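Have the viewer open and follow along.

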Amino acid sequence: MKKTVRDVELKEKRVICRCDFNVPMKEGAITDDTRIRAALPTIQYMLEEGASVILMSHLGRPKGKPNHDFTLEPVAKRLEELLGRPVQFAPSDTVVDDGVREKAAALRPGDVMLLENVRYRAEEEKNDPGFSKELADLADLFVNDAFGTAHRAHSSTAGIADFLPAVSGFLIEKELQFLGEAVDDPKRPFVAILGGSKVSDKIGVIENLIEKADTILIGGGMAYTFIKAAGCGIGTSLCEEDKLELANELRAKAEAKGVKLLIPSDSKLGDKFAADCETQFADSTAMPDGWMGMDIGPKTIEAYTKAIAEAGTVVWNGPMGVFEFPAFEDGTKAVAKAMAESGAVTVVGGGDSAAAVKQFGFEEGMTHISTGGGASLEFLEGKVLPGVACLQDK
Ligand code: ADP
Ligand code: MG
């Protein structure tokens, strides 16, 4: 267990907090402030406990140089409105300079300041100790509350913890609690649903979850590599030829461990990769040439939703089909619905899977939807996240 802001004295402390303010922007305006809102509970808690707060984040990809297209100034304004108190923005092309140091030193309990985009500095993504120390020297305590970048060892996410005591905020705490419990202490049966486009993206997740799950349901584009490896024709479906052997090895490994690994018994096919293509259904043993598997079929939906209904824990990563096209959304929608309606602990990881859950309106029904696409994947792979590993243990 990692220490959180609740486990440390905050009164009269100067806290530097890494947030995920990487919000979508259009022509200088924030188009979705969900991430800013999500950061409020940790910020408010620290202020109420008597800290002064220095916030930092990246925004977009300024590529290690100052670039005012990526300034965090609009975030400071939005944050000020949401917090209902002044937020001092500290503009600096070098993120930290003498002016910024002076401002930080003058902060009083209850004051909030936001630094400029940490990716204005090339050192940030190199986890350069010099830049980490410049950031650390502004404060007495480091709080990491940016789960979305916790899988990256950068100066503002991990390196800074070499120079300051480090704890998590509420967002990271919640992610670790829900993802961690689902994977390491699941209510059984534990069903993992894995989809998305490529096997190669998900090998680590499948390998890790074979060790932990009772049932693994495979869908999405990557299912066709498994189906072909099992000896069936797959038409023009996605296939990674160099992963056929691996697909069979994973199935054998699952079998040896007594883990049920299911692959689709049927699919909905399209005659081309387009929203307005012709469609038909086919069993996996009889997929016609020239057609592409773009969603799991009705028999597979029935089998998968049954497994979900009987589960104690469900972890889902990767859509079952090309859900962006309405003709191929049924599999993904059915899985989301079955999860939302089940009594199981339900956890969704992965950017596209989370987007699908929201698009179909099943957000409320899930126990937890992870906010970190890449970070949640690495967590499900069983990897240690540098932005978490650097925090103090309880
Ligand atoms: P996540 O972001 O949740 O980890 P991925 O990025 O791995 O998910 O995969 C999402 C993408 O997979 C979606 O854009 C979806 O269209 C695509 N996909 C799903 N099924 C298929 C399929 N049968 N053929 C091609 N692409 C697919
Ligand atoms: Mg994705």
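What follows covers the ligand site, then two residues.

This is a predicted model, so treat it as one. Ligand 1 has 19 residues around it, and the protein buries 87% of the 580 Å² that ligand 1 exposes when taken alone.

**Ligand 1: who surrounds it**
- Of the 19 residues around ligand 1, the closest are Lys202, Gly293, Glu324, Asp352 and Ser353.
- Sorted by class, that shell holds 11 polar, five nonpolar and three charged residues.
- Strand E14 and helix H12 (351-359) each put at least two residues into the shell.
- Helix H12 provides the largest share, with three residues.

**Ligand 1: polar atom pairs**
- An oxygen atom of ligand 1 sits 3.2 Å from a backbone N or O atom of Ser197.
- A nitrogen atom of ligand 1 is 3.1 Å from a polar backbone atom of Gly221.
- Asn317 uses its side chain: one of its N or O atoms there is 3.1 Å from an oxygen atom of ligand 1.
- As for cover, ligand 1 on its own would expose 580 Å², and the protein buries 87% of that area.

**Met292, in strand E14**
- Met292 belongs to strand E14, which runs over residues 292-296, and E14 is one of the elements that supply the ligand shell.
- Lys272 is 20 residues away from Met292 along the chain, yet their C-alpha atoms are separated by 6.8 Å.
- Setting aside neighbours within four places in sequence, Met292 is in contact with Thr236, Ser237, Lys268, Leu269, Gly270 and Phe273.

**Ser155, in a loop**
- Ser155 is found in the loop that links strand E7 (141-144) to strand E8 (166-168).
- Which side chain makes a polar contact of 3.2 Å with that of Ser155? The partner is the side chain of Ser132.
- A polar atom of the Ser155 side chain also lies 3.0 Å from the backbone oxygen of Asp128.
- Beyond neighbours within four places in sequence, the contacts of Ser155 include Asp128 and Ser132 again, along with Glu123, Glu124, Asn127, Phe131, Leu135 and Ile160.

Notes
Residues are numbered from 1 along each chain as its sequence is written. Chains are lettered from A and ligands numbered from 1 in the order in which they are written. This is a predicted model: local features need pLDDT of at least 70, side-chain atom pairs count only at pLDDT 80 or more; totals for chains, interfaces and linings use all residues. Side-chain values use heavy atoms; hydrogens and water are left out. Helices (H or I, at least four residues) and strands (E, at least two) are DSSP runs, numbered from the N terminus. A polar contact is a pair of N or O atoms within 3.5 Å; within protein, one must be able to donate a hydrogen and the other to accept it, and residues adjacent in sequence count only if both atoms are side-chain atoms. Contact means heavy atoms within 4.5 Å. A residue is near a molecule or strand if one of its heavy atoms lies within 4 Å of it. Accessible areas come from the Shrake-Rupley method with a 1.4 Å probe; for residues, only the protein chains shown count as cover. Ala, Val, Leu, Ile, Met, Phe, Trp, Tyr, Cys and Pro count as nonpolar, Asp, Glu, Lys and Arg as charged, and the others, Gly among them, as polar.
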